[in-house]
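This report describes one protein chain for a reader who has not seen it before. The overall fold comes before the details.

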Amino acid sequence: MKVEEGLPKDKEGRKWLFRQLASYFTLVVTEYEKAMEAEKRDTTAGKMAYNAMVQTRENMKPLFRKMEKGDIEDSLLEPIVEIVKALQERRYVDANDGYLRLSIGKAAWPIGVTMVGIHERSAREKLHDGEKGHVMGDEVTRKYLQSIKRCLTFAQVRWPPTDLRQLMG
């Protein structure tokens, strides 16, 4: 169930897209679960890895519910489609770049001291213009986006790329 580039406009196409995305994430989480069942849970690292998998599975549930209802906004859906498409093609560096664009975005990040004196800096107002709320501002969204990142990291180990330059980390 390869995901196509771009978002469909019709209702039936979106429904099919949500089904493809849900199927892909279900596959990855199931494989993740099988891998963690095979791991030894007698070490601290093994227990932490297993707990991370359980947390990932739980944090993906709100995303699956949103997909069932079909109420994911395009600003969130488009990067998720980009990430899944790259994952399916085993382009993990591109998938990670898509995740970073989704989670961090292109927002200006004020660095250092912002007000050092009595004069307002000319670019200061640009830092907070258009603050509509960051995608990571919502706790539930933050959790399932982090779970997508964990799925990305696991997929890289489970299905290694043919081109070693596509390994991240």
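Read along the sequence, the chain runs α-α-α-α-α. It has five helices and zero strands; helices (H or I, at least four residues) and strands (E, at least two) are DSSP runs, numbered from the N terminus. The model is predicted, so local features need pLDDT of at least 70 and side-chain atom pairs count only at pLDDT 80 or more, while totals for chains, interfaces and linings use all residues. Residues are numbered from 1 along each chain as its sequence is written, and side-chain values use heavy atoms, with hydrogens and water left out.

## The chain as a whole

Of the 169 residues in the chain, 36% are buried. Buried means under 20% relative accessible area, exposed means over 50%, and partly exposed lies in between (1.4 Å probe, protein chains only). The chain exposes about 11,000 Å², and carbon and sulfur atoms supply 54% of this area. Accessible areas come from the Shrake-Rupley method with a 1.4 Å probe; for residues, only the protein chains shown count as cover.

Among contacts with a separation of 6 or more, 70% are between residues 24 or more positions apart. Contact means heavy atoms within 4.5 Å.

## The nonpolar core

A nonpolar core is a set of buried Ala, Val, Leu, Ile, Met, Phe, Trp, Tyr and Cys residues joined through side-chain atoms within 4.5 Å. The largest one has 41 residues, and L21, F25, L63, M67 and I80 touch the most other members. Each of α1, α2, α3, α4 and α5 supplies at least two residues of this core. The most come from α1, which gives ten residues.

L21 is in contact with V3, M67, L77, I80, V81 and V84, leaving aside neighbours within four places in sequence.

The table sets out two of the helices. The expected span of a helix is 1.5 Å times one less than its number of residues.

| Helix | Number of residues | First to last C-alpha | Expected span |
|---|---|---|---|
| α3 | 15 residues | 21 Å | 21 Å |
| α5 | 20 residues | 28 Å | 28 Å |

How many of the 15 residues of α3 are buried? Eleven are, so α3 is largely enclosed by the rest of the structure. The buried residues include L76, L77, P79, I80 and V81, and K85 and Q88 are also among them. Their cover includes α1 (11-38), α2 (44-69), α4 (92-103) and α5 (139-158).

In α5, the buried residues include T141, Y144, S147, C151, F154 and Q156. What covers the buried residues of α5 includes α1, α2, α3 and α4.

Q88 lies in α3 and is buried, with a relative accessible area of 15%. Apart from neighbours within four places in sequence, Q88 is in contact with M1, K2, V3 and Y24. A polar atom of the Q88 side chain lies 2.8 Å from the backbone nitrogen of V3. A polar contact is a pair of N or O atoms within 3.5 Å; within protein, one must be able to donate a hydrogen and the other to accept it, and residues adjacent in sequence count only if both atoms are side-chain atoms.

R90 is placed in the loop between α3 and α4. Phi of R90 is near 60°, a positive value in a residue other than glycine. Is R90 buried or partly exposed? Its relative accessibility is 34%, so R90 counts as partly exposed.

Q156 is found in α5. At 10% relative accessibility, Q156 counts as buried. Not counting residues up to four places away in sequence, Q156 touches Y92, P161, Q166, L167 and M168.

## Aromatic pairs

Rings of Phe, Tyr and Trp (its six-membered ring) pair if their centres lie within 6.5 Å; planes under 30 degrees apart count as stacked, over 60 as edge-to-face and the rest as tilted. A search of the whole structure finds three such pairs. Y24 and F25 form an edge-to-face pair, at 6.0 Å centre to centre and 65° between the planes. Both Y24 and F25 are buried. The rings of F154 and W159 have their centres 6.5 Å apart and their planes at 80°, so this pair is edge-to-face. F154 and W159 are buried as well. Together with Y32, F154 and W159 form one aromatic cluster.
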